[in-house]
Amino acid sequence: MAPLTRQRRKAVAAAAEPSIDPADRLTALPDDARRRILGFLPAQDAVRTCVLARHWRHLWKSACGLRIGKAGDHAMCGKKLMKFVGSLLQARGDSPLETCELLVHDYDDEDEPDMNRWIRRVVMCDVRVLRLAFARTLHWFELESLPLISRHLTTLVLYVLELNDSFVDFCSCLALEHLTIDHCLLSSFNRISSQSLKSLSIIGFSSFGSTFRTRIHSPNLILLRMENIKGRAPILERMPSLVEAVVQINSINDTCECEDGEYFGNCSFEECDGCYGVADDTDNCVLLQSLSQAKKLVLLANTGMIIFRRDLKWCPIFSNLKTLELNEYWCNSGDLSALACILQHSPVLEKLTLQLFCKGPKSKVHIKGSPDPAKRSTAIYEHLKIVEVKCEVLDEEIQNVLEFLSKLNICKL
């Protein structure tokens, strides 16, 4: 028998390949659609699709998403995971990525250089959304001291990482708009910088330095969320585009150690780390100046904090502020001067919420009132429409707040 020509071999192979089942609508989809579907699967499952049919054999290599690891997955971890990811990235080559999630919860110190190379590799694939979570007990994953350079990255989520000056200088990430820093160590750098950033969240007890204040330079920021941080509260540089901010300060490094706790960062006890723990830190407005352009603010702190009260010495005008939520810090132990100050500096305020001595957003007592139009006090402005007081019990401290509000002719309380 004469040997088969190339054309005849292709014809025989095509005849041997089973035709697509009309009921198999997934295989009938265009390749681009199937690549997008594969991008939502865990990487291991995406690779397994190569055995479905010839049409699926290599599609996983160009899936638009790459998802490594998931919470509670102990079947793929340690050396087995390291080998799998290394082979996977090599097989993918430079195929573009829209989304990449790298979640690793079991690794050794010697694995960290490889994991840093993974990050660089996926960034080179023009990834747009990147989530990094390298969790290990009593250990911070240390990122390479190299700048992150990307024209495509828009969203970056960082979890349980030790960040450095080079990595958090995002000046070379021209499209980056959303940054979340969760449970990260932030004590080894002086500045976070980004011209393009629109949304910034620093949450989950992320830890700043204790002897200096980190600066945050993000002049185009629209949304800021900063909750449950450790170390010194960072200095917020000018944010003229800010619309909404939630700032919760509970750090012991910004607590006055004096018994009365009424000082503004310069108490008479020179050993007080809260007041004197940072050199040349007495003549700067740390937070409020940069928050002054926001339309909506939530400002929360433990009663011993000095940072907001100290900032009130330079209290700016909150010229755009429409909605304000405060906690008991602003009216602690009968001292309502902080509350009065911020109200007097909020000329267009429409809604004020006081969440007093509540452990969470829910409360047992909810009192709602509004200024009496006929007897409006000159201490508040004409735009204020709603005042809410949420608390657990109507004790003496709450009564003091209500009495203060009644002097401003807040009625229906």
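**Exercise 1. Find the lysine that pairs with Glu-388 in a salt bridge, and work out how far apart in sequence the two partners are.**

Solution. Start with the pair itself: Glu-388 forms a salt bridge with Lys-351, and their closest N and O atoms are 3.9 Å apart. Next, look up where each one sits. Glu-388 belongs to strand E20 (residues 386-391) and Lys-351 to strand E18 (residues 351-356), so this bridge ties together parts that are 37 residues apart in sequence. Last, check the cover. Buried means under 20% relative accessible area, so Glu-388, at 8%, counts as buried. Lys-351, at 30%, counts as partly exposed.

Keep in mind that you're working with a predicted model.

**Exercise 2. Helix H3 holds Asp-32 and Arg-35. Say how they are placed along the helix, and sort each by exposure.**

Solution. Asp-32 and Arg-35 form a salt bridge, with the closest N and O atoms 2.9 Å apart. Helix H3 covers residues 31-38, and these two are three residues apart in it, so about one helical turn separates them. Now the exposure: Asp-32 has 59% relative accessibility and counts as exposed, while Arg-35 has 23% and counts as partly exposed.

**Exercise 3. Which residue does Arg-36 form a salt bridge with?**

Solution. The partner is Glu-98, and the closest N and O atoms are 2.8 Å apart. This pair links distant parts of the chain, as Arg-36 is in helix H3 and Glu-98 is in the loop between H5 and E2, 62 residues apart. Arg-36 is partly exposed at 40% relative accessibility, and Glu-98 is partly exposed at 31%. To put these pairs in context, the structure holds 20 salt bridges.

**Exercise 4. Is Cys-100 buried or exposed, and what does it touch?**

Solution. First, locate Cys-100: it is in strand E2 (residues 99-104). Its relative accessible area is 0%, so Cys-100 is buried. Then list the neighbours, leaving out residues up to four places away in sequence: Cys-100 touches Leu-66, Val-122, Val-127, Val-129, Leu-130 and Arg-131. Take Val-127 from that list: it is 27 residues from Cys-100 along the chain, yet their C-alpha atoms are separated by 6.9 Å.

**Exercise 5. Describe the largest cavity and its lining.**

Solution. Begin with the count: there are three cavities of 30 Å³ or more. The largest holds about 70 Å³ of space. It is lined by 13 residues, and the closest to its centre are Ala-43, Ala-46, Trp-60, Gly-65 and Leu-66. Helix H4 (43-48), strand E1 (65-68) and helix H5 (78-92) each give two or more residues to the lining. Finally, sort the lining by type: 10 nonpolar, one polar and two charged.

Key:
Residues are numbered from 1 along each chain as its sequence is written. This is a predicted model: local features need pLDDT of at least 70, side-chain atom pairs count only at pLDDT 80 or more; totals for chains, interfaces and linings use all residues. Side-chain values use heavy atoms; hydrogens and water are left out. On a 1 Å grid over the protein atoms alone, a cavity is a set of points where a 1.4 Å probe fits but cannot get out, and a pocket is an open set with protein on both sides within 12 Å along at least five of seven lines; lining residues have an atom within 4 Å of a point. Grid points are joined across faces, edges and corners, and a volume is the space filled by probe spheres set on the points. Helices (H or I, at least four residues) and strands (E, at least two) are DSSP runs, numbered from the N terminus. Ala, Val, Leu, Ile, Met, Phe, Trp, Tyr, Cys and Pro count as nonpolar, Asp, Glu, Lys and Arg as charged, and the others, Gly among them, as polar. Buried means under 20% relative accessible area, exposed over 50%, partly exposed in between (1.4 Å probe, protein chains only). Contact means heavy atoms within 4.5 Å. A salt bridge is a side-chain nitrogen of Lys or Arg within 4 Å of a carboxyl oxygen of Asp or Glu.
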